[in-house]
Amino acid sequence: MPYRGERQEKFIRISLEILNKKSLYEALDLYIKEDMLEGDNKYYCEQYDSKINAKKRCLLWQLPNTLIIHLKRFEFDMNTMQRQKINDYCEFPMDLNIKPWTM
């Protein structure tokens, strides 16, 4: 069943995972990385009225004049049931060319 769904949304902010990322560039690579939706996590396709295996990906289509980059610096620890601050070093350039992560 070939199916392709696409949706464009305007945005001014992106949230990036920084845990174990050495640089903002690594965090951007993870942001646009493709996820497989399969098994219990299959995508419900209205066109076929069933759940199907799918690839989910987020791409930056058209950049806004001002882009806010939110670094996810906290995560929830299920063992302690508390938020933990991420203190990993993450390099952030003063001049950022985001074009390599756009379509």
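The following dialogue explains how to read several features of a predicted model.

Colleague: How many salt bridges does a search of the whole structure find?

Modeller: A salt bridge is a side-chain nitrogen of Lys or Arg within 4 Å of a carboxyl oxygen of Asp or Glu. The search of the whole structure finds three salt bridges. In one of them, Arg7 pairs with Glu9, and the closest N and O atoms are 2.7 Å apart.

Colleague: Are Arg7 and Glu9 buried or exposed?

Modeller: Exposed means over 50% relative accessible area, buried under 20%, and partly exposed in between (1.4 Å probe, protein chains only). Arg7 is exposed, at 70%, and Glu9 counts as exposed, at 52%.

Colleague: Which residue forms a salt bridge with Lys72?

Modeller: Lys72 forms a salt bridge with Glu17, with 3.3 Å between the closest N and O atoms. Helices (H or I, at least four residues) and strands (E, at least two) are DSSP runs, numbered from the N terminus. Because Lys72 lies in strand β6 (residues 68-72) and Glu17 in strand β1, the pair ties together parts that are 55 residues apart in sequence. Lys72 is partly exposed, at 29% relative accessibility, and Glu17 is partly exposed as well, at 37%.

Colleague: How far apart are the closest N and O atoms of Glu34 and Lys55?

Modeller: In the salt bridge between Glu34 and Lys55, these atoms are 4.0 Å apart. Glu34 lies in the loop between α1 and β2 and Lys55 in strand β5, so this pair ties together parts that are 21 residues apart in sequence. Glu34 counts as partly exposed, at 39%, whereas Lys55 is exposed, at 57%.

Colleague: What is the volume of the largest pocket?

Modeller: On a 1 Å grid over the protein atoms alone, a pocket is an open set of points where a 1.4 Å probe fits, with protein on both sides within 12 Å along at least five of seven lines; lining residues have an atom within 4 Å of a point. A volume is the space filled by probe spheres set on the points, which are joined across faces, edges and corners. The largest pocket has a volume of about 1,600 Å³. Of its 40 lining residues, Glu6, Arg7, Arg57, Cys58 and Leu59 are the closest to the centre.

Colleague: Which element gives the largest share of the lining of the largest pocket?

Modeller: The largest share, five residues, comes from β1.

Colleague: Which residues form a nonpolar patch on the surface?

Modeller: Such a patch is made of residues with over 30% relative accessible area and no salt bridge, with nonpolar side chains (Val, Leu, Ile, Met, Phe, Trp, Tyr) joined within 5 Å. Here Tyr25, Phe92 and Leu96 form the patch, with about 250 Å² of accessible area together. Leu96 lies in the segment after β8 (82-85) and is partly exposed, at 31%.

Colleague: Where is Asn20 placed?

Modeller: Asn20 is in the loop between β1 (13-17) and α1 (24-31). Asn20 has a positive phi of about 65° although it is not a glycine, and it is exposed, at 62%.

Technical notes: Residues numbered from 1 in each chain as written. Predicted model: local features only at pLDDT ≥ 70, side-chain atom pairs only at ≥ 80, totals over all residues. Heavy atoms only, no water. Patch = residues over 30% accessible without salt bridge, like charges linked within 9 Å, V, L, I, M, F, W, Y side chains within 5 Å. Areas by Shrake-Rupley, 256 points an atom, 1.4 Å probe, with all protein chains shown as cover.
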